[in-house]
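Here is a briefing on one chain. Please look over the sequence and the structure before reading the points below.

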Amino acid sequence: MTDGTADDHFAPILEGVGQSDYERYLRTDELLSLQKPAAEMAHRDELLFQTVHQSSELWLKHACFELEAAAQLVGDGSIAEATRLVGRAVLGLSLITDQLAMLDRMSPWEYQEVRKVLGHGSGFDSPGFVEVKRVTLLLGQAFQTALDTAGVSPERVYRQRVEYGDLYALAEAMTDWDGSLRAWRYRHVLVVERMIGDVVGTQGTPVDQLRKLLSHRYYPELWQVRTRLTEAAGT
Ligand code: HEM
């Protein structure tokens, strides 16, 4: 209870740095010091570049947190709850895909100033994307075990959607996830081509290699099932 004064109502009660509980809880002091100060920037677009990358890493961290829990839930038989978490991860990925548009707003010539200070930094070392690979495979394994336990193939789940409602919903959420990863990659290649053209990346990787990754599927069986359904329908 407060005595009704504004001071009491807004006074911080949490431990930590900052004038308010908002700052203390969110640790805004540390968070907002994670970008280069203007005086140290090689180009002012470094703030934009760092903001997009850092927030991408945060959303990826969250998506992987959800996906790992989803894999665990599938193992425990809580398929519907797992599906809900995969849906959140998909939404997170779509947020970081959309924000790539911010990088289109850099000038390719001026971006070269930013590029000079990246050292050997490469997206292949993104902790978020390294973790994405691990948890995506983990969920794939949990799904396969769930299919084996139920004694069904993906095709049967899709043909008998109502009977296997939970597995069907999970399979569709996982298809969303796999598709979202491809959509991110496609959008990323567009930014890369727009900023640096068709040259060799910071770790000597040709941009062409990024294009090849576009066809990668983490859950190939969930895409193949559609081909089999079309063939079975004979249309
Ligand atoms: C101006 C913007 C960007 C440029 C020019 C760019 C450039 C590149 C290049 C050239 C590569 C190939 C590897 C290398 O040689 O470094 C790459 C890979 C990669 N980049 Fe970027 N990038 C940009 C923005 C981003 C952002 C915002 C992210 C988000 C975390 C990101 C994540 C990745 C990842 C994960 C890879 C590995 C390839 C893959 O898994 O598809 N990049 N990037």
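Helices (H or I, at least four residues) and strands (E, at least two) are DSSP runs, numbered from the N terminus. On that basis the chain reads α-α-α-α-α-α-α-α-α-α-α-α along the sequence. That comes to twelve helices and zero strands. This is a predicted model: local features need pLDDT of at least 70, side-chain atom pairs count only at pLDDT 80 or more, and totals for chains, interfaces and linings use all residues. Residues are numbered from 1 along each chain as its sequence is written.

**Overall dimensions and contacts**

- The chain has a radius of gyration of 22 Å, whereas a compact globule of 235 residues would be near 18 Å. The radius is taken over C-alpha atoms, and the globule rule is 2.2 Å times the number of residues to the power 0.38.
- The C-alpha trace spans about 65 × 60 × 25 Å along its principal axes.
- Buried residues make up 19% of the 235 residues. A residue is buried if 20 or more other C-beta atoms lie within 10 Å of its own, exposed if 12 or fewer, and partly exposed in between; C-beta atoms are placed from the backbone.
- Of the contacts with a separation of 6 or more, 69% join residues 24 or more positions apart. Two residues are in contact if their C-beta atoms, placed from the backbone, lie within 7 Å.

**Nonpolar core**

- The largest nonpolar core holds 35 residues. Such a core is a set of buried Ala, Val, Leu, Ile, Met, Phe, Trp, Tyr and Cys residues joined through C-beta atoms within 7 Å.
- Leu67, Ala70, Val74, Val86, Leu139 and Met174 touch the most other members of this core.
- The elements giving two or more residues to this core are α4 (46–75), α5 (79–98), α8 (127–150), α10 (165–196) and α12 (220–233).
- Leu139 touches Leu67, Ala70, Ala71, Val74 and Met174, leaving aside residues up to four places away in sequence.

**Helix packing**

- The axes of α4 and α5 come within 8 Å and cross at roughly 165°. Therefore α4 is roughly antiparallel to α5. Axes are lines fitted to C-alpha atoms, for helices over the stretch in contact, and angles run from 0 to 180 degrees between N-to-C directions. Angles under 35 degrees count as roughly parallel, over 145 as roughly antiparallel, 65 to 115 as roughly perpendicular and the rest as oblique.
- The α4 and α5 crossing is left-handed. A crossing is left-handed if the near helix is turned anticlockwise from the far one by less than a right angle, and right-handed if clockwise.
- Among the α4 residues that meet α5 are Trp59, Glu66, Leu67, Ala70 and Val74. On the α5 side, the residues include Leu85, Val86, Arg88 and Ala89.
- The axes of α4 and α8 come within 9 Å and cross at roughly 15°. That makes α4 roughly parallel to α8. This crossing of α4 and α8 is left-handed.
- For α5 and α10, the axes come within 9 Å and cross at roughly 15°. These two helices, α5 and α10, are therefore roughly parallel. α5 passes α10 in a left-handed crossing.

**Buried residues in the helices**

- Glu66 sits in helix α4. It counts as buried because it has 21 C-beta neighbours inside 10 Å.
- Glu66 touches Leu85, Arg88 and Ala89, not counting residues up to four places away in sequence. Glu66 and Ala89 are 23 residues apart in sequence and 6.2 Å apart, C-alpha to C-alpha.
- Ala173 is found in helix α10. With 21 C-beta neighbours inside 10 Å, Ala173 also counts as buried.
- Ala173 touches Thr83, Val86, Gly87 and Val90, again without residues up to four places away in sequence.
- Ala173 and Arg161 are twelve residues apart in sequence and 14 Å apart in space, C-alpha to C-alpha.

**Exposed loop residues**

- Leu14 lies in the loop between α1 (6–10) and α2 (21–26). Leu14 counts as exposed because it has 11 C-beta neighbours inside 10 Å.
- Leu14 touches Asp21, Arg24 and Tyr25, leaving out residues up to four places away in sequence. The C-alpha atoms of Leu14 and Arg24, ten residues apart along the chain, are separated by 6.7 Å.
- Arg27 is in the loop between α2 and α3 (28–31). With 12 C-beta neighbours inside 10 Å, Arg27 counts as exposed.
- Phi of Arg27 is near 50°, a positive value in a residue other than glycine.
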